[in-house]
Amino acid sequence: MIGVENVEGIQTEWNSLIPGLTAGRYDTVSAGMSILPERCDAALFSEPEIMYTTAFLVPEGNPDNLTDMQSAQEAGVRLAVLSGAVESGYADKLDIEKIEVGDGQDGLDAVTSGRADALALTGISLRTLAEKTDAPVEVTDSFVAEIDGVPQIGAGAEVFPQGGEELRDAYNEKLAEIVSDKERWLEIVEPFGFTEAEYPVEGMTTEKLCEGDLDALAEELAPELGLDG
């Protein structure tokens with residue numbers, strides 16, 4: 001579609017994705033990575049592909065009654081988080097005890113072994129993990145984390161190295177054709193566990209997310225996101 005005839009996948013730990021990209025070990029990161037200002041300083045992001053929400057993978061029955069980051073803070077749980085992921089930052093800002101893991105499977109193992117009370121990650125990632133294991137775990141409903149009263153609105157996107165504008169722009173051109181048609185977007189992503197809840201809302205752009213003014217973005221997008229204005 002964009003002139004690339006062969007695509008080869010390379011699996012690596014989350015925290016090494018952007019370092020590996022900037023080192024030239026691969027040409028792009030396809031991991032639904034959240035668009036954050038500090039990451040925008042290090043790499044180029046496509047326009048949003050998916051809305052970014054968080055959930056918890058917890059022991060069956062959700063014994064700590066976790067529903068959002070504040071409930072985790074109040075319950076005094078120990079969270080497993082991916083090293084370098086946004087949930088790690090949420091835990092730091094709310095003084096939630098955490099252990100950092102390399103990937104989702106490590107986080108699942110931490111929960112089932114009792115080393116962590118829950119794994120915080122995107123809802124889609126956790127649902128996929130839960131479907132592939134026989135362990136007695138479940139996934140909470142997804143939520144938009146709130147820090148200091150500000151909804152942490154976010155989106156995931158494809159990531160390119162600095163200087164990769166040509167490929168990024170070609171990718172964005174085709175991405176726009178898909179995202180502008182919700183039914184087509186759903187047809188592509190639903191087989192992988194995504195739902196309409198992850199559909200990127202109009203007005204959420206990479207430029208705005210890179211600026212990092214989430215308070216202003218939440219106010220602007222409140223009607224589309226169902227937030228209080």
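Which handedness does the link of C40 and C210 have about the S-S bond? In this predicted model, local features require pLDDT of at least 70 and side-chain atom pairs count only at pLDDT 80 or more, whereas totals for chains, interfaces and linings use all residues. Residues are numbered from 1 along each chain as its sequence is written, and side-chain values use heavy atoms, with hydrogens and water left out.

The structure holds one disulfide, defined as a pair of cysteine sulfur atoms within 2.5 Å. It is formed by C40 and C210, whose sulfur atoms lie 2.0 Å apart, and the link is left-handed, with -75° about the S-S bond. The pair joins distant parts of the chain, 170 residues apart, with C40 in helix α2 (residues 37–40) and C210 in helix α9 (residues 206–211); helices are DSSP runs of H or I, at least four residues, numbered from the N terminus. C40 is buried, with a relative accessible area of 16%, while C210 is partly exposed, at 25%; buried denotes under 20% relative accessible area, exposed over 50%, and partly exposed the range in between, with a 1.4 Å probe and protein chains only.

Note on methods. Helices (H or I, at least four residues) and strands (E, at least two) are DSSP runs, numbered from the N terminus.
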